[in-house]
Amino acid sequence: MTAGVPQGSILGPTLWNILYDQVLRLKLPEGVTNIAYADDLAVLVCAENQIELENRANESLRRIDGWMQRNGLQLAPQKTEAIVFKGPKNRTTLKIEINGKEIIPKKDIRYLGIILDDKLTFGAHVKHVVKKAEIKLGFLTRILPNVGGPNSLKRVLLCRVVESVILYGVPVWNSALRLERYKALLTGLHRRALLRVASGYRTVSAAAIEVAVGIPPISLQASEREKICNTNNNTVNPEATKEALRADTLLAWQDQWDRNTETAQWTKALIRNIIPWVKCKHKKLDFFVTQFLTGHGNFGSYLKRMRISPTDKCSYCGRIDTPEHTILVCIRWRTWRSDLETDLGRNLSTHNITDIMITTEPNWTKICQFIKRVMETKKEEGS
């Protein structure tokens, strides 16, 4: 070989690894380590003081640059960045150079898709992730209308696109989520993505929509990913480890749900035990079922709270029109409800309706069809 290899060739990466491995074997000053990923090289320099740091960094860069030139390669000073994680506040006094070009340390840099800030709080990374995921979510929102469009299973797959952007590299930066402001940023973004999955009203809380869809809070998913990363290298059965850690995540989620006394209380009354609900394979949500599960929809109690309607009374019977009243009590739907209960062989109540739904797929379908019929007719009749 005299002139490199074609881009995308099968042999190319192997030949590059053979060549570039030598730069990792260079003898560098004490306290200096090289880390390479493809052609991206990071030089980690540890020192007790500024003078020592400058000397070690510059000597390391001189040796690396010399190796590059001897092997027909070139460093790109204009693309080289530096950051000091601990040291003097005035970082601009550090004199680090490559080929005569000074490299001024920054407050944060991007390395392999992760934003590293000089205090290692990873707050800048969380903000970057939110902006990036919001763009993806904006594209998805256009193809996920509340009524019509892809079914809930396809919507979940699309939601995973947003989650993959959020959770990239999370074992590195998960410590940022210990701060409530960063956790709230990701939770808010995740809530918006889940609303697209369930065709829910934008006023639904994160706690309610997470349970309704059956996808754990993004902070718990982040902790799970970190644990998987820390244990996979020490286990003979990674898949079993993942299953065990997902079980731990669900238990932690259930504990959060049990302690939640502020939001999503109607959803909590319907779905007390998260685990069987999440594991239900035939669970499919739509615009009407989500209204019932969250309590945010065409119900007098909700419409009055949102100042859309002056009254919260049911136009059919005069009682307060809650989700429970509309679906399980109102006399307007008594015949339809009675036929459904006869078909199911069970009387429906707040405490058992979701348990009956997840028992079998036919039960789910029958109850969802009833809810949809009631909600559509109610809207048509202007009630």
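**Helix packing, a surface patch and a buried isoleucine**

Modeller: In this predicted model, helix α3 (residues 123-142) packs with helix α4 (residues 152-167) at an angle of about 170 degrees, and their axes are 9 Å apart.

Biologist: Why is α3 called roughly antiparallel to α4?

Modeller: Angles over 145 degrees count as roughly antiparallel, and the angle here is about 170 degrees, so α3 is roughly antiparallel to α4.

Biologist: Which residues in α3 and α4 meet?

Modeller: From α3 these are V129, K132, A133, K136, L137 and L140, and they meet L158, V162, V165 and I166 in α4.

Biologist: What makes L112 count as partly exposed?

Modeller: Partly exposed lies between the limits of under 20% for buried and over 50% for exposed; L112 has 33% relative accessibility, and therefore counts as partly exposed. L112 lies in the loop between β5 (108-111) and β6 (114-117), and together with Y37 and Y168 it forms a nonpolar patch on the surface, with about 320 Å² of accessible area together.

Biologist: How do you know whether I228 counts as buried or exposed?

Modeller: The limit for buried is under 20% relative accessible area, and I228, at 12% relative accessibility, therefore counts as buried. I228 lies in helix α8 (residues 218-232) and, leaving aside its neighbours within four places in sequence, is in contact with K242 and L245.

Biologist: What separates the C-alpha atoms of I228 and I371?

Modeller: Those C-alpha atoms are separated by 40 Å, while I228 and I371 are 143 residues apart along the chain.

Notes: Residues numbered from 1 in each chain as written. Predicted model: local features only at pLDDT ≥ 70, side-chain atom pairs only at ≥ 80, totals over all residues. Heavy atoms only, no water. Patch = residues over 30% accessible without salt bridge, like charges linked within 9 Å, V, L, I, M, F, W, Y side chains within 5 Å. Areas by Shrake-Rupley, 256 points an atom, 1.4 Å probe, with all protein chains shown as cover. Salt bridge = Lys/Arg side-chain N within 4 Å of Asp/Glu carboxyl O. Helix = DSSP H or I, 4+ residues; strand = E, 2+ residues; numbered from the N terminus. Buried < 20%, exposed > 50% of the residue type's maximum accessible area, 1.4 Å probe, protein only. Axes fitted to C-alpha atoms, helices over the stretch in contact; angles between N-to-C directions. Parallel < 35°, antiparallel > 145°, perpendicular 65-115°, else oblique. Contact = heavy atoms within 4.5 Å.
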